[in-house]
Amino acid sequence: MRALAASILFALSGAAAAVQPGDPLPAVSARELEAPAAPLALGSFRGSVVYVDFWASWCVPCRVSMPALERMYRKYRGLGLRVVGVNKDVAHADAERFLKRVAVSFPLVADGDDAVARAFDVQAMPSGYLVDRRGVVRYVHRGFTDETAAALAAEIEILLKEGG
Amino acid sequence: MRIGAAWILAAVAALLAGGCAPVAPYQRGYLARPDMALEENAGTAKALEKTFAAKEAASGGASVGGGGCGCN
Amino acid sequence: MQAALALPILAVCAKAGAAEVGEIGISTLGYKERGLMRVIEPVLWGRAQIADVWEVQASAAVDIITGASPELVTNASGRPVQSITGASVVDHRTTGDLKVTRRFGDFALSASHAQSSEEDYHSKAYGLEGRVDLDQKLTTLTAGFGHSDDHVGSSIDPTLDAPRRTNEYLFGVTQVLSPLAVVQSSLAVSRGKGWYNDPYKLTLTFYPDQGLPVLASDRRPDHRDSVSWLTRLRRHFPQANGTLQADYRYFRDDWGIRAHTLEVAWQQDLGERFAVRPALRYYTQGAAGFYSPVVPRPQPEILSSDQRLGAFGGLSPSLRVTARFEGGLVVEATAGYVVDARSLRLGGGGSEAFETLRAAYGLVSVSHTF
C-alpha cells in the first residue's frame with residue numbers, strides 16, 4: 001500500500017524529465033554526509049565549473065569513478081573545478097565503508113529521500129553532470145569507464161577556459 | 001496438494017513481497033544488502049545442500065555445480 | 001546416489017548490484033546422526049572479478065564420512081526394519097568445481113566444470129549458461145544446460161563400473177519487485193539414463209507360509225526424468241531492520257516421487273556488525289512407485305527398500321549468527337537439527353517401515369571480501 005502511495009506522489013510531484021545537456025542545473029540542496037546540519041545548495045557553485053556525481057557503495061563502476069574524480073579535483077581545483085558527490089546509500093555505514101577504501105576530498109552530500117536524484121531524474125549509476133560557470137549542464141556521463149575519465153578531463157579543460 | 005496449494009503459496013508470496021513498485025536505478029541500496037542475496041555464500045550453500053540431498057529424493061532446482069554424490 | 005548437475009549458479013546476479021571485486025572463504029560442516037553417520041566437510045571457495053568483464057568462481061571440498069549406513073531391510077522380527085550389516089567405515093569424497101563467466105554488456109555467458117570422486121563413485125559434469133539483464137537489471141533471464149557423466153562402483157564388488165548420463169535444462173527469471181523486494185523462480189528439467197541401483201542395499205523378506213526367505217537386491221529403473229521448480233523471495237523491512245527469506249521447491253519425477261520443500265528465515269540485524277537468522281525448513285515426500293520394505297510376490301523386476309525413496313516428512317530448525325568486521329572479514333556460525341519421520345509427512349501416509357532419522361549439524365564459515 002505504501003509503495004502505491006509513494007508512486008502516486010512521485011508522479012504528482014512533477015518529477016523532472018531526465019536532465020540533458022543544455023538544461024539548467026536543478027536548484028536543489030542537500031545535507032552534507034559528514035555534517036548533516038549543514039545544507040549545501042548546488043546553486044552556490046555559480047562561477048565555478050561543477051561536476052555533480054551520483055555514487056553509492058553498491059555501484060561497481062564507482063570504484064573507478066571516485067578515485068578518478070579525486071584525481072581531477074586535485075588537478076583542476078585551483079583553476080575553478082568543483083566536485084560534489086551525491087551519495088545514494090540507504091545506510092550511512094555503507095558509505096563509510098566505501099570511503100575507508102576510497103578517500104576523497106571533495107564535498108559529499110546524502111540524498112536519503114531521493115530528492116536530488118529525482119530532480120536530475122538519474123537514469124544510471126553512476127551518473128555525472130558537468131556544469132559550466134553559468135549554471136548550464138553541458139555534458140552528462142552515464143556509467144564510468146577509463147574512456148569516460150579521459151573524455152571528462154578534456155571537457156573540464158574546455159569549460160574551465162570559458163568565462164562565467 | 002496440487003493446484004490449490006500452488007495458488008495459496010503464490011498469494012502468500014505476493015503478500016510478503018509487499019506489492020510491486022517502480023525502482024529507479026539509484027534505489028538499489030537495500031537490494032545490495034547481503035541478506036537480500038538469493039543464495040548463501042558458496043561454502044555454506046554447498047555444504048548444506050548435500051546435508052539434505054543425501055537423505056531426500058528431491059534434488060536440484062538451481063543448485064550449485066554438480067558432480068553428484070554417491071550418497072549411501 | 002544423486003547426480004546434481006554442473007548447472008551453473010542461477011543467481012549469478014544474486015545481489016542486485018553489490019560491488020565487491022572478490023571473495024575467498026573456508027567453511028567446515030560437522031554433521032552427526034544419532035547412531036549412524038558422522039560427516040566432517042571442509043570447503044574452500046573463492047570468487048574474483050578480473051578485468052571488469054570476467055568472473056571466476058571455484059570451490060573444493062572434502063567429505064570425511066565415518067559410521068555405518070543401513071544396508072539391509074529385513075522383516076525377520078515380524079515387521080520390516082533397517083539393519084546395519086557391515087562394520088563402521090571411513091569414506092572420503094572430494095569434489096571441485098570451476099565456473100568462468102564473461103560479460104558482454106547486458107549479456108553474460110558462463111562455462112562450468114565439476115568433479116566428484118570417492119572410492120565407489122566418480123562424476124564429471126559440464127555446464128553452459130547464458131544470462132540477460134533487462135530493464136536496467138530489474139529483470140534477469142537465465143537459461144542453462146548441463147551434462148553429467150557418472151560411474152558407479154562398489155567396494156564389495158570390484159567388477160562393478162556402471163555408467164550413468166544425465167542432461168539438465170534450466171530456465172529462470174529474477175525480478176526486482178520494489179526497492180525492498182526481489183523474487184527468483186527457476187525450473188530445472190533433468191533426464192538421466194543408466195545405473196541407479198544402490199549396490200549395497202538388500203531386502204530380506206520372510207513369508208509366514210514359506211520356509212525360505214527371499215533376498216532381493218536394490219533394483220531401480222534405468223532412467224530418471226525429473227522436474228524441479230524453485231522460487232525464492234527476499235523482502236527487507238527497514239523499520240524492523242530485518243529481512244524475510246523464503247524458498248519453496250516443488251519436485252516430481254517419473255519414479256512416482258513428489259516432494260515439497262519450504263524454508264522460511266528471518267535475518268535480524270543487531271547493530272551494524274551482527275545479525276542473527278532463525279530458520280525453519282520443512283520437507284515432505286511421497287514414495288517411489290517401486291519402493292517397498294518387503295519383497296512382494298511375485299518378485300518384481302524393480303524394487304528398492306531404501307527409505308530415502310519412501311514417504312516421509314522432515315523438519316529442520318536452524319540458527320545462524322553472522323559477524324562482519326572491518327576490512328571485509330565475515331564470520332558465520334550455523335547450528336541446526338534435522339528430524340525425518342513418517343509422522344511428519346504432509347497429509348499423513350508416511351511409509352510404515354520408515355525409521356526416524358535424527359541429526360544435528362554445525363557449520364562455521366570464515367570469509368574475506370575484497
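A: Helices are DSSP runs of H or I with at least four residues, strands are runs of E with at least two, and both are numbered from the N terminus. Counted in this way, chain B has two helices and zero strands. The model is a predicted one. The sheet to be examined here lies in chain A, where five strands form an open sheet in the order 5-4-3-6-7, with mixed pairing. Strand 5 (108–110) and strand 7 (137–142) of chain A are the edge strands; each has a single partner strand, so one side of each is left without a neighbour in the sheet. From one strand to the next, the twist averages 20 degrees.

In soluble globular proteins, nonpolar side chains tend to be buried together. The largest nonpolar core here has 57 residues, and A:Val52 and A:Val131 touch the most other members. Strand 3 of chain A gives the most to this core, namely six residues. Leaving aside residues up to four places away in sequence, A:Val131 touches A:Leu25, A:Val49, A:Val50, A:Val52, A:Val136, A:Val137 and A:Arg138.

Most residues other than glycine have a negative phi, and most peptide bonds are trans. In the loop between strand 5 and helix 4 of chain A stands A:Asp114, which has a positive phi of about 65 degrees although it is not a glycine. A:Asp114 has 16 other C-beta atoms within 10 Å and is therefore partly exposed. The loop between helix 4 and strand 6 of chain A holds A:Asp121, where phi is again positive, at about 50 degrees, although the residue is not a glycine. A:Asp121 counts as partly exposed, with 15 C-beta neighbours inside 10 Å. A:Pro126 also lies in the loop between helix 4 (115–120) and strand 6 of chain A. The peptide bond from A:Met125 to A:Pro126 is cis, with omega near -5 degrees.

Chain C gives a setting for this sheet. Its secondary structure consists of zero helices and 20 strands. In chain C, strand 11 (residues 181–194) and strand 14 (residues 223–237) pair in the antiparallel sense over 13 bridges, and C:Ala181 stands opposite C:Arg235 of strand 14. Strand 14 of chain C is also joined by 12 bridges to strand 15 (residues 242–253) of chain C, and these two run antiparallel. There, C:Thr231 has C:Tyr248 of strand 15 as its bridge partner. The hairpin of strands 14 and 15 of chain C has four residues between the strands, and C:Asn241 takes a positive phi near 60 degrees in it. Chain C also contains a cis peptide bond, between C:Arg297 and C:Pro298, with omega about -5 degrees. C:Pro298 is placed in the loop between strand 17 (274–285) and strand 18 (312–324) of chain C.

As a whole, the C-alpha trace of chain C spans about 70 × 40 × 35 Å along its principal axes. Among contacts in chain C with a separation of 6 or more, 60% come from residues 24 or more positions apart.

Chain B calls for some caution. The mean pLDDT of chain B is 75, and 57% of its residues reach 70 or more. Over residues 63–67 of chain B, pLDDT stays under 50, and the model has 35 contacts beyond four places in sequence for this stretch. Buried residues make up 58% of the 72 residues in chain B.

How values were computed:
Residues numbered from 1 in each chain as written. Chains lettered and ligands numbered in written order. Predicted model: local features only at pLDDT ≥ 70, side-chain atom pairs only at ≥ 80, totals over all residues. Pairing = 2+ DSSP bridges. Axes fitted to C-alpha atoms, helices over the stretch in contact; angles between N-to-C directions. Contact = placed C-beta atoms within 7 Å. Core = buried A, V, L, I, M, F, W, Y, C linked by C-beta atoms within 7 Å. Buried ≥ 20, exposed ≤ 12 C-beta atoms within 10 Å, placed from the backbone. pLDDT = per-residue confidence, 0-100.
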